[in-house]
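Subject: Structure handover

Dear colleague,

I am passing on the structure below, followed by notes on what I found in it. Please keep it open beside the text as you read.

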Amino acid sequence: MRRRAFAALALLLLAAGFASASFLALRQPLSLGDYLAVWGLKARAIHFSGELSSVFRVDPAGEFSHPEYPPLWPLLLAGAAKLLGRYDELILALLRPLLLALAAALTFARTRASLPWRLLAAASLVLLPYFQTPAYVGYAETLLLVLVLAALFLLEGPVPTPFTAPCAGLLFALAALTKQEGAVALLAAVGVLAAARRLRDAATVGALGFGLGVLPWTLYRAAHGVTGLADYRLDAFDASGPFRALAALGRVAPPAVALWLLGAAALLALAPSARRVRRALLAGAGVYAALLLGAFAFARVDVAWLVAWTWDRLALVPVAALLPLLAEAAAEPFDEPAGASGPAAAS
């Protein structure tokens, strides 16, 4: 009876969080922040011109539209608009709850625990502040998250198949074509696979991810005279950047963030089985976070400003990726060991 009540409560939280996120998407459709300056501007250019290269012409000086950003999200918006026959930002906002539903389903599927805990993991995802913030409805992180979680779902499978690594590589390639953080996730996955001595998988994922994702867009940008990144540059190297980023994060992040981090650490400390089974996932999240933090050493703009405007979006992928582990850690005293159904995750 208690388990049924717990499952019903988790399902209620999942439904409420999803309904709230969907309502926000429809109440404030594709109209705020970087959607106007970056993603929507490029999507409209592609839609009305029919040319991918039009993303470089909307802001020739590159002052605000980030011409170096990968194009998959604007392409998806433009493609959906073509199917609709018009660029309708109210209808296109429905892409957000659709992608969120996919991310929640992947979180549910990745969680190795009984039904109530799997529902709780999915509910935790839809209730993340990112999905309850109207300004982020038109941003690209939700698509990035779906692609990364789908790749992790494949790599974490108990019985890898000959298609596991190629499919994961293709998903990481698409992630790299969605946001630059997709390339960071690709690097982290390849590193963890190599450390786990899955060298063939690491080579396959890396070759497809970089060969079909990072490299084509880099060459396409170079062919149109767009090189480098707007916010980062190799010759801007400053070893103090990561430390200044951490200091800025301590100033801008709400106090609740520290409490959640302490709670997550305490939960993992009390769940040795979950930690053991998911050690590769923990390592991958750590590598991902370290790479993002290290990137601030090359920031060409003010680090504090950059952290203030990006920290919550940068945290989305590792936090969401770790939700199954946290649910498994919470379930460990009540369920069978997290690894009872299969071997450790690979990334």
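The structure holds 1 cavity of 30 Å³ or more, a cavity being a set of points on a 1 Å grid over the protein atoms alone where a 1.4 Å probe fits but cannot get out. About 160 Å³ of space lies in the largest cavity, the volume being the space filled by probe spheres set on the points, which are joined across faces, edges and corners. Its lining (residues with an atom within 4 Å of a point) has 15 residues, of which L152, A188, G284, A285 and Y288 are the closest to the centre.

This is a predicted model, in which local features need pLDDT of at least 70 and side-chain atom pairs count only at pLDDT 80 or more, while totals for chains, interfaces and linings use all residues. Residues are numbered from 1 along each chain as its sequence is written, and side-chain values use heavy atoms, with hydrogens and water left out.

Leaving aside residues up to four places away in sequence, F131 is in contact (heavy atoms within 4.5 Å) with residues including A21, R96, T142 and L316.

Best regards

Definitions and conventions. 1 Å grid on protein atoms, 1.4 Å probe; cavity = no way out; pocket = protein on both sides within 12 Å on 5 of 7 lines; lining within 4 Å.
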